[in-house]
Amino acid sequence: EKAKATPDPELLYLKATAFESLHEPDKSIDLLRSILEQNPSHSLSRILMVKILLAEGTSTTSGLLREQANEQLNELEKRLPNDPDIIALRISYLHKDSSDDNHLAKIKTLFARLPQTSRHQQLLKAQVAWSMTDVLVLVVLLLLVCTDPSVDPAVARLLPLVRDDSWSFRA
């Protein structure tokens, strides 16, 4: 009798992303769990799982899904504590319950930790600001992406708004 071969985690991950794209989150989550059982360090699977769990929360299941998302985020933060994508996911998780003042303070701290030295990082930070409807920060970050602050003095004057702790968060 032949031993059943273990499926390649990368192929399973591609299949999980396909299910997610086809709006079949349950099938995607099942595959992602299977991948993580085989390979607990497969961060892409954890990231996708968190995104799906956060997107799929409904009023009847949001507590359980948020708890599962939090567990996956905790594991990601242990493995990749300074990864901007993981920080952005944590902000998204906290923002879902931004009525809590402690969450607002954590969001502000995490947002300040998001780097903005590269174009990719600036765009990620702008996406996070957009998701939180912080329009002032979004405008400043988009100006940074589109303009060289060393050339444009107007953009240079706006830099302190996003580089220090003086920006205001509006939930």
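Four salt bridges are counted in this protein chain. The model is a predicted one, and its secondary structure consists of nine helices and zero strands.

**Salt bridges**

- Lys27 and Glu24 meet through their side chains in a salt bridge, with 3.0 Å from N to O.
- Are these two partners buried, exposed or partly exposed? Lys27 has a relative accessible area of 43%, so Lys27 is partly exposed. Glu24 is at 28% relative accessibility and therefore counts as partly exposed too.
- Another salt bridge joins Arg79 to Glu75, where the closest N and O atoms are 2.9 Å apart.
- How far apart are Arg79 and Glu75 in helix 4? They are four residues apart, so about one helical turn separates them.
- Here is a handy rule to remember: an α-helix has 3.6 residues a turn, so residues three or four places apart point the same way.
- Arg79 has a relative accessible area of 33%, which means that Arg79 is partly exposed.
- Glu75 and Arg79 also belong to a network of salt bridges that includes Lys78.

- The side chains of Glu77 and Arg90 form a salt bridge of 2.8 Å, N to O.

**A buried glutamine**

- Gln72 lies in helix 4, which covers residues 62-79.
- Why does Gln72 count as buried? Its relative accessibility is 13%, and the cut-off for buried is under 20%.
- The side chain of Gln72 makes a polar contact of 2.5 Å with the side chain of Arg46.
- Leaving aside neighbours within four places in sequence, Gln72 is in contact with Leu36, Arg46, Met49 and Val50.

**The nonpolar core**

- In soluble globular proteins, nonpolar side chains tend to be buried together.
- In this model, the largest nonpolar core has 35 residues, and Leu32, Ile91, Phe111 and Val128 have the most contacts inside it.
- Which elements give two or more residues to this core? They are helix 1 (9-21), helix 2 (25-38), helix 3 (43-56), helix 4, helix 5 (84-95), helix 6 (101-113) and helix 7.
- Take Leu32 as an example: apart from neighbours within four places in sequence, Leu32 is in contact with Tyr13, Ala16, Ser45, Leu48, Met49 and Ile52.

**Helix 7**

- Helix 7 spans residues 119-131 and has 13 residues.
- From its first C-alpha to its last, helix 7 reaches 18 Å, close to the 18 Å expected at 1.5 Å a residue.
- Which residues of helix 7 are buried? They are Gln121, Gln122, Leu124, Lys125, Ala126, Val128 and Ala129.

**The whole chain**

- The protein chain has 171 residues, and 38% of them count as buried.
- The accessible surface comes to about 10,100 Å², with 55% of it belonging to carbon and sulfur atoms.
- Among contacts between residues at least 6 apart in sequence, 47% join residues at least 24 apart.

How values were computed: Residues are numbered from 1 along each chain as its sequence is written. This is a predicted model: local features need pLDDT of at least 70, side-chain atom pairs count only at pLDDT 80 or more; totals for chains, interfaces and linings use all residues. Side-chain values use heavy atoms; hydrogens and water are left out. Buried means under 20% relative accessible area, exposed over 50%, partly exposed in between (1.4 Å probe, protein chains only). Contact means heavy atoms within 4.5 Å. Accessible areas come from the Shrake-Rupley method with a 1.4 Å probe; for residues, only the protein chains shown count as cover. The expected span of a helix is 1.5 Å times one less than its number of residues. A polar contact is a pair of N or O atoms within 3.5 Å; within protein, one must be able to donate a hydrogen and the other to accept it, and residues adjacent in sequence count only if both atoms are side-chain atoms. A nonpolar core is a set of buried Ala, Val, Leu, Ile, Met, Phe, Trp, Tyr and Cys residues joined through side-chain atoms within 4.5 Å.
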